[in-house]
Amino acid sequence: RQNSDVHERAVAELLKTADAQADYLALDEKARAALLERELSHARPLRSPYAAYSPETARELAIADKVTALKQDFGQGAVAQYVISKANSVSDLLEVALLMKEAGLFKPGTQPRAQLRIVPLFETIEDLRRSADVMDEFFALPLAQAMLAGQDGLQEVMIGYSDSNKDGGYVTSNWEIRSGIARLVALGRARGIRMRFFHGRGGAVGRGGGSSFEAIRALPAGASAHGTRITEQGEVVSSKYGDPILGRASLETIVAAAMLAELSPRGDAADGEGAALLAELSQAAFTHYRALVYGTPKFEIYFRQATPLLEIADLKIGSRPASRSTSPRIEDLRAIPWVFSWSQARVMLPGWYGLGTAANAVGID
């Protein structure tokens, strides 16, 4: 799993070094996608053993090479997916295919084949809203159709609960996740593509936590038709799987929910007349949340001084750095330290802020 911005920079360097495109980052989305399609249509590699690449690009190429080696040593099932964080365009998916090609994981030709499923992760509110449009554009490409044909017609999409909550608040995150999944399910049916969803849920309420059974049952009809993947974050692993009996019960609960979702689907307010009300609730909550977190001057300073963010960031308990860059912006902070920092200060902002205002806005006491 890697951020789409990293892929962009790595591909830009490969193209520039190979004299294929001097400034890939300056191209618009349409030009990027067209260029990547051309590069993926032939077997000519971009990587040269005589070129000196930046540490970042060298690392991404080394990861792809390691995947190739793992598959050779342990079989094709050793590594199955390549997840793209912050995916928001077709070029984000094609950039991964290009990196895979440089490691022999993508075979061009009349019947192109990819040895990994390319899995976009839609995380922000805007990305969730555009997810079906992005995937529709991708599915329209002959290249994508050929890749999916070699992967049993199955497309996996990951849904980000934590970052959508940080971006738009609890109410809007849940509404846009459900709406986005519903649109993607409908798209899959229209295109004849099997859609499988990978739910990036955490243990805290602000990260999509709560009952896995209820969460699966609340998904739109058809969302579990082709399987379900769920992340189990570190903070809940011990409570769910620390004992063999609990572990079995946790798995049985998830399996039962997935089976019931398909064998005995149930509608809810989002499927009927309540959809308009829920959309209104979401918009009111979104506006109020954004006004505080992203519209209040120096709010990020208050956050850093009122919570133990720096101490949490220094703890060696996370799988990744606390921030995606050296920027102090909340947009660049990862969702895990965001939620945990507020929790340690006993401020449950990620789990409730905006809900009361939204309820008042639509006349709910």
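The following questions and answers explain some of the terms applied to this predicted model.

User: What kind of model is this, and how are residues numbered?
Analyst: The model is predicted, so local features need pLDDT of at least 70 and side-chain atom pairs count only at pLDDT 80 or more, while totals for chains, interfaces and linings use all residues. Residues are numbered from 1 along each chain as its sequence is written, and side-chain values use heavy atoms, with hydrogens and water left out.

User: Why is tyrosine 353 called buried?
Analyst: Its relative accessible area is 17%. Buried means under 20% relative accessible area, exposed over 50%, and partly exposed in between (1.4 Å probe, protein chains only). Tyrosine 353 therefore counts as buried.

User: Where is tyrosine 353 found?
Analyst: Tyrosine 353 sits in the loop between helix H16 (349–352) and helix H17 (355–361). Helices (H or I, at least four residues) and strands (E, at least two) are DSSP runs, numbered from the N terminus.

User: Which residues does tyrosine 353 touch, leaving out those up to four places away in sequence?
Analyst: They are His288, Tyr289 and Leu292. Contact means heavy atoms within 4.5 Å.

User: What makes the pairing of tyrosine 353 with histidine 288 a polar contact?
Analyst: The two side chains make this contact at 3.1 Å. A polar contact is a pair of N or O atoms within 3.5 Å; within protein, one must be able to donate a hydrogen and the other to accept it, and residues adjacent in sequence count only if both atoms are side-chain atoms.

User: What makes aspartate 167 and arginine 290 a salt bridge?
Analyst: Their closest N and O atoms are 2.8 Å apart. A salt bridge is a side-chain nitrogen of Lys or Arg within 4 Å of a carboxyl oxygen of Asp or Glu, so the term applies. Aspartate 167 lies in helix H7 and arginine 290 in helix H12 (residues 274–293), so the pair ties together parts that are 123 residues apart in sequence.

User: Are these two partners buried or partly exposed, and how do you know that?
Analyst: Aspartate 167 is at 15% relative accessibility and so counts as buried. Arginine 290 has a relative accessible area of 27%, so arginine 290 is partly exposed.

User: How do you know that lysine 86 and aspartate 163 form a salt bridge?
Analyst: Their side chains meet at 3.7 Å, N to O. Lysine 86 is buried, as is aspartate 163.

User: How many salt bridges does the structure hold?
Analyst: There are 14 salt bridges. Glu156, Arg196 and Arg229 are linked in a network of salt bridges.
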